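Here's a quick briefing to read with the model open beside you. Have a look at the fold, then go through the points by topic.

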Amino acid sequence: YHKFNGTTQAWDVIPYGTEIMVPGKGYIVRAPQEFAIISSPSQKFPAKFEGVPNNGIITLPLTIGTNGKSNLIGNPYPSAIDAEKFITENAGLIDGTLYFWTHNDAISSTPDANGIYQYNAASYVSYNKTGSTGSGANTNKVSKNIAAGQGFFVNSKIAGDIKFKNAMRVTSSSSNSSFFKIATANETQSTQETTEEVAIERNRV
């Protein structure tokens, strides 16, 4: 289990069972090293969310005294939230673009100088009020409905508290299906768009 340290801009390891998840904060979970990821079939590691569902206003402090620092946050509700309502509510604190990890590109096949196998940064896709874009060969797109529990990065402009509100929540059950995670050989990432999204014309210059 890992969380992103906004001050050091690096990952902090959370030993299993040592920390209660903070509502609104983003986390990543990796399978134990003994899990096979390239065998056929590959093993699946279930990551469970346990606790009382969140409701009402939830705030989370961004990295204090920084500009342009990355912060990993996440949808704290048991329903999807509208990305554009989230961006509008927090416009004074963040630069307006959200970044989602798709794992669209495979991990490097050879280690770097430190013996570490690197993930490909092109696996991040972005979303802002002009819509969603991939990176390079990454054609995944992000729905404007951010699924329950979905983590994403934002870049801070000033110090302050990110705010989640019930008014951002989307009540349609079909809007809560676009969750980005590492996919196995038999799975694909969700790129579902709702009828409402398709109807919105996005003009870019």
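This is a predicted model: local features need pLDDT of at least 70, side-chain atom pairs count only at pLDDT 80 or more; totals for chains, interfaces and linings use all residues.

Residues are numbered from 1 along each chain as its sequence is written, and side-chain values use heavy atoms, leaving out hydrogens and water.

**Overall layout**
- The protein has 2 helices and 11 strands; these are DSSP runs numbered from the N terminus, with helices being H or I of at least four residues and strands E of at least two.
- Reading from the N terminus, the order is β-β-β-β-β-α-β-β-β-β-β-β-α.
- Take contacts (heavy atoms within 4.5 Å): among those between residues at least 6 apart in sequence, 71% join residues at least 24 apart.
- The accessible surface is about 12200 Å², and carbon and sulfur atoms account for 53% of that; areas come from the Shrake-Rupley method with a 1.4 Å probe, and for residues only the protein chains shown count as cover.

**Strand β10**
- β10 pairs with β4 (residues 70-74) in the antiparallel sense over 5 bridges; strands pair if DSSP finds at least two bridges between them.
- Within that pairing, S70 has N155 as its bridge partner.

**Loop residues worth a click**
- K144 sits in the loop between β8 (131-133) and β9 (145-146), and it counts as buried because its relative accessibility is 4%.
- The K144 side chain makes a polar contact with the D82 side chain at 2.5 Å; a polar contact is a pair of N or O atoms within 3.5 Å, and within protein one must be able to donate a hydrogen and the other to accept it, while residues adjacent in sequence count only if both atoms are side-chain atoms.
- G92 lies in the loop between α1 (83-89) and β6 (98-101) and is partly exposed, at 47% relative accessible area.
- Beyond its neighbours within four places in sequence, G92 is in contact with K157 and I158.
- G92 and I158 are 66 residues apart in sequence, yet 7.7 Å apart in space, C-alpha to C-alpha.
- Y16, in the loop between β2 (10-13) and β3 (58-61), is exposed because its relative accessible area is 70%.

How values were computed
Buried means under 20% relative accessible area, exposed over 50%, partly exposed in between (1.4 Å probe, protein chains only).
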